[in-house]
Amino acid sequence: MHYLMTRKGILLSPEQALDALTGYNVLFFGEEHGSRAAHEGELVLLTGLAGRATDLVLALEMFERDVQSTLDAYLEGAIAEDQFLEMARPWQNYGEDYRPLVEFARTHAIPAIAANVPRELASRVAMADAISPDIAGKYSMYLPEKVHLDSGEYHERFTALMGKMPHSVPMKKLSVEGLYKAQVLKDAVMAASIEPYLDHPILFCCGRFHSDYHLGIPYQLRKNHPALNIAVVACAETVAGLPMEDRSRIADFLWLDA
């Protein structure tokens, strides 16, 4: 049985949860990429929300902007799945964790957005410690008009996260400031990817660091669209070790897999 808990500690049944989540412009599900509970939660919410909103849109961090046409072609039935997988650079855990989302979208004619920044563009920014068309090169078309680098809290949390990584991790060789700019660029690109669909309800599946505390992608969206009604869902299993103050701030709702 699945439940949703509000930040005030009120437990909602599945039907009550859908009532509570219906009406937001953008709903973020912040996942741990290896969490089975998170992937089940994403599919449950996609299925439930699709039954209430015929114009629902699905956005996925797991695909990059430059494969949008490939994703569209697959959803429309213009290419076979093996061709789609060959061209779309799916994550290693796609088959078990994200394929159910894509297949549900395909079966129910739900648009899906390949939201993430192309990896090479993020890498260029991290190495150069700067964001500019010259650095982006052939990827300049994916640069948003605005990239908001002004969140002190996000910078502090990102720096702390980098500090916990083993020194053997390749990105440790790059400057934290360059990595931070690449991280914020990812958020800004993902925010920009859904702007054409802001008149639709959107379910956005992303890594939790991109949405926790309404930072990351929600922060970029809010800076550009202050009136948007945004909610963040996190898995209860990911906040168990946090202080109570942080648990109530990290998300608007907690997903419980009881």
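This is a predicted model: local features need pLDDT of at least 70, side-chain atom pairs count only at pLDDT 80 or more; totals for chains, interfaces and linings use all residues.
User: What radius of gyration does the protein chain have, and what would a compact globule have?

Analyst: The idea is to set the value for the chain beside the value for a globule with that number of residues. A compact globule of 258 residues would have a radius of gyration near 18 Å, and the protein chain has 18 Å, so the two agree. The C-alpha trace spans about 50 × 50 × 35 Å along its principal axes.

User: How much of the protein chain is buried?

Analyst: Buried residues make up 48% of the 258 residues. Contacts can also be sorted by how far apart the partners are in sequence. Among contacts in the protein chain with a separation of 6 or more, 72% come from residues 24 or more positions apart.

User: How do I read a pocket? What is the volume of the largest pocket, and which residues are closest to its centre?

Analyst: Start with the volume, then go to the lining. The largest pocket has a volume of about 1,200 Å³. It is lined by 40 residues, and the closest to its centre are Leu-161, Met-162, Met-165, Gln-183 and Phe-209. The elements that give two or more residues to this lining are strand S4 (57-64), helix H6 (119-128), helix H8 (152-163), helix H9 (176-193) and helix H11 (244-250).

User: Which element gives the most to the lining of the largest pocket, and what classes of residue are in the lining?

Analyst: Helix H8 gives the most, with seven residues. By class, the lining has 22 nonpolar, six polar and twelve charged residues.

User: Which polar contact does the side chain of Asp-252 make with another side chain?

Analyst: The partner is the side chain of His-214, at 2.6 Å. A polar atom of the Asp-252 side chain also lies 2.7 Å from the backbone nitrogen of Val-232. Leaving out residues up to four places away in sequence, Asp-252 touches Met-5, Thr-6, Arg-7, His-214, Ile-230, Ala-231 and Val-232.

User: How far apart in space are Tyr-94 and Asp-252?

Analyst: Tyr-94 and Asp-252 are 158 residues apart in sequence and 27 Å apart in space, C-alpha to C-alpha. Tyr-94 lies in helix H5 (residues 94-107). At 4% relative accessibility, Tyr-94 counts as buried. Its contacts, not counting residues up to four places away in sequence, are Phe-63, Phe-84, Leu-85, Arg-99 and Val-102.

User: Where is Ser-193 found, and which residues does Ser-193 touch?

Analyst: Ser-193 is in helix H9 and counts as buried, with a relative accessibility of 4%. Beyond residues up to four places away in sequence, Ser-193 touches Arg-65, Ile-113 and Ala-115.

User: In which strand is Asn-116, and which backbone oxygen lies 3.2 Å from a polar atom of its side chain?

Analyst: Asn-116 is in strand S5 (residues 112-116), and at 8% relative accessibility it counts as buried. The backbone oxygen is that of Glu-61. Apart from residues up to four places away in sequence, Asn-116 touches Leu-60, Glu-61, Phe-63, Glu-64, Arg-65, Lys-186, Val-189 and Met-190.

Conventions
Residues are numbered from 1 along each chain as its sequence is written. Side-chain values use heavy atoms; hydrogens and water are left out. Helices (H or I, at least four residues) and strands (E, at least two) are DSSP runs, numbered from the N terminus. A polar contact is a pair of N or O atoms within 3.5 Å; within protein, one must be able to donate a hydrogen and the other to accept it, and residues adjacent in sequence count only if both atoms are side-chain atoms. Contact means heavy atoms within 4.5 Å. On a 1 Å grid over the protein atoms alone, a cavity is a set of points where a 1.4 Å probe fits but cannot get out, and a pocket is an open set with protein on both sides within 12 Å along at least five of seven lines; lining residues have an atom within 4 Å of a point. Grid points are joined across faces, edges and corners, and a volume is the space filled by probe spheres set on the points. Ala, Val, Leu, Ile, Met, Phe, Trp, Tyr, Cys and Pro count as nonpolar, Asp, Glu, Lys and Arg as charged, and the others, Gly among them, as polar. The radius of gyration is taken over C-alpha atoms; the globule rule is 2.2 Å times the number of residues to the power 0.38. Buried means under 20% relative accessible area, exposed over 50%, partly exposed in between (1.4 Å probe, protein chains only).
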